[in-house]
Amino acid sequence: MAINAFIIWIILGIFVFLFLLGFFFRLSIWLRGEFTAAGFSGKPLESRIKKLFYYKVIFLKSFFSKNFLKIIAGIILDGIIHINLFKDSKLKWFIHIFMFWGFLVFSIITILHVIAVAIVPGWVRDGNSGFYVQVFASLENKFTAVVTDLSKIAIFFGAFLAVTRFLFLKRTYKSVEFKDKSAGVIISFIGVFGFLYEAAYFSVMNTPVNVKAFAPGGFILSYLFEITRIRWWMLANTYFPWIIVQILFYIYVISLLLFIAFIPYGKYSHMVFGPFVAFYNKWTGSRKH
Amino acid sequence: MKLDKFTTKQLAEIDACTRCGNCLDLCTAYAGSQDVSISPKKKMEKLKKAVDQQYGIFAGIFGKKEISKKDIEALQKAAFECTMCSRCEVNCHIGIKLQDLWLKLREILAEDGNYPEVLDMLKERLSKGRNVSFDSNEGRASWTTALQDIPENRYVKQKAEVIYFVGCVSSFSPRVFKIPRSIVQIFKKAGVDFALLGDNEWCCGFPLLSSGFKKEFAEFARHNIAQVNSTGASYLVTSCPSCYHMWKHIYKEIYQDIKPDFTVLHVVQYMNQLVKNGKLKLGAIEETVTYHDPCDLGRNSGIYEEPRELIKSIPGIKFIELENNRENTTCCGGGGNVEAVDPKLSESIAQVKAREIIASGADIVTTACQQCVRTIAAGLKKEGSKIRTMDLAELIQTSVSNYSGSDS
């Protein structure tokens, strides 16, 4: 019944390694570019390490400057509330805010859950574990259940709005936007497996309704499992149901972590780097007339 | 393609682009052509793909993949069919300096010879004649011949308080000679001590820089700065927004070793000062007037209020704004050498602009750029409109000549 903690730690290790490798690999691409900096007099820097150090100093100096409070306000408005998008289009803002926040919260809570499961590989519910494990290791914890489900529901709602908007777009805009929808499809796929994992977990654990109601997505699916006899089929063998839960857990977790690890490498890199560049352009004395 | 010629910041910006498509809605070249392939969003996609092909993870593992000829041609088309109006920057949530990026892209493409052939002709004209026309640079001040009561030197002299940098189009295109002539009359009326550089005035270099010929540009910038410095002038006044943008921002940015000893002003700013100081008295014009913000003066230099103040200071004028004004203004189609590269595209952009002007209900559309005057007038004519197109200097000159001493 217990999940293999060693395998989870290996998966997490590979994920962190791939993500950091991608992050620094992408930085190294940027640092191939010509060196320019406002007010820098002297021979342009050639070494990528020197350039990295120089830009890092500019970045930190700008951050911890007299504008610190303005920067924090800017981070809240631009990075958290996405005020520019709100001013631009309310519908786009709704889509973005649901998907962005849904995915961010979903990713964080999933990673916390994975770590907790690795610490106590049996999806504990006995109450003898520490606070962190009590909260995150079990899907029967009300907080974890609510947050996990709401974040996924937000993603699906955002995706629904995006698809609806897409259907009403002009033809030329459709051709432009179509290629950029792959992230939404992948995230939705991961979300579906998240729900299936929850439903299987609730079915196998025979979770009471008043507990699983906190995770409405998993609850409804587990109910469907019952009326379609899938649950009966899952419980037909002592070990078999846990194998299904484990398979769904691995598919869900590995696909999410792989997706996040892939972000710095390819076309979704703006998800990680966009906020940094937006900050740099706004606060580090880029040309303004 | 040498993509490492982009700056570190620009390579980061290419990665940071969210492909939200806000720039697509704003792109005037796209509005004029309905061709998505030349839009900023598509350019960004192509650049991102090119960067990944050259330096991405697969390039790191399996070796660089050459950018295909087809992709380079597509990038070239998109890069040179851009008016460089920088409207695409206005609503970028990441704050990407797109105009700088497009300029650099042109430079990188031009370095490998990937640019429209017509630009070779432009380069040749500039290197031989020092101006964008087919005429000799000795005829720089020929437009003054129609002016009455002017000194024998035609204002070409060694020392003066103000140097009027006329620019190539106003100097050589008879259709807009009214602009420098109006300015000279205004300066005379206000008692300004000014001079022209005559054939010592070379093109500001903007057509070269915006075509990607940065190396050739250097000679022009250095020559012009040295010439104006030698006059001991306190002010350099230009009537061309692109010349203004070069003098005010680009020369300083590129050549930190050359220090201009004078203040650079656009003639709109200078005329506004003259009116405020009471040196110019304005007479009534009973017309409805709208104003088109030239891209290099407005969005690229931040001058929005002075032209409006100036128009509103003319008695009798009813001023109305265009639907897209200030930083949202649409391009007239005359920028970025598009008129030379794809005249039809330039025309269709001008027609989009003309329709916006017609919808405003104005009698006169005024602007502060000789190139905008040319393209807007042509666009309005094509739309069958009788709205008059005037440079702000012409409008002020008309107002000055209308002054009877009793106007307030």
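Mentor: From the N terminus on, chain A runs α-α-α-α-α-α-α-α-α-α-α-α-α-α, that is, 14 helices and zero strands. Helices (H or I, at least four residues) and strands (E, at least two) are DSSP runs, numbered from the N terminus. This is a predicted model, where local features need pLDDT of at least 70 and side-chain atom pairs pLDDT 80 or more, while totals for chains, interfaces and linings use all residues. Residues are numbered from 1 along each chain as its sequence is written, chains are lettered from A and ligands numbered from 1 in the order written, and side-chain values use heavy atoms, without hydrogens or water.

Of the 289 residues in chain A, 47% are buried; buried means under 20% relative accessible area, exposed over 50%, and partly exposed in between (1.4 Å probe, protein chains only). Among contacts (heavy atoms within 4.5 Å) in chain A between residues at least 6 apart in sequence, 65% join residues at least 24 apart.

Now to your salt bridges, each a side-chain nitrogen of Lys or Arg within 4 Å of a carboxyl oxygen of Asp or Glu. Side chains of opposite charge can pair when their charged atoms come close. Over all chains, the whole structure has 29 salt bridges.

B:Lys77 and B:Glu81 meet at 3.4 Å, N to O. B:Lys77 is partly exposed, with a relative accessible area of 37%, whereas B:Glu81 counts as buried at 12%.

Next, B:Lys123 and B:Glu216 form a salt bridge at 3.8 Å, N to O. This pair links distant parts of the chain: B:Lys123 belongs to helix H8 (residues 118-129) and B:Glu216 to helix H12 (residues 214-231), 93 residues apart. B:Lys123 is partly exposed at 22% relative accessibility, and B:Glu216 is partly exposed at 31%.

Finally, B:Arg308 pairs with B:Asp293, their closest N and O atoms 2.7 Å apart. Here too, distant parts of the chain are linked: B:Arg308 sits in helix H15 (residues 305-312) and B:Asp293 in the loop between strand S5 (288-291) and H15, 15 residues apart. Both B:Arg308 and B:Asp293 are buried. The two also belong to a network of salt bridges that links B:Asp293, B:Glu305, B:Arg308, B:Glu321 and B:Arg326.
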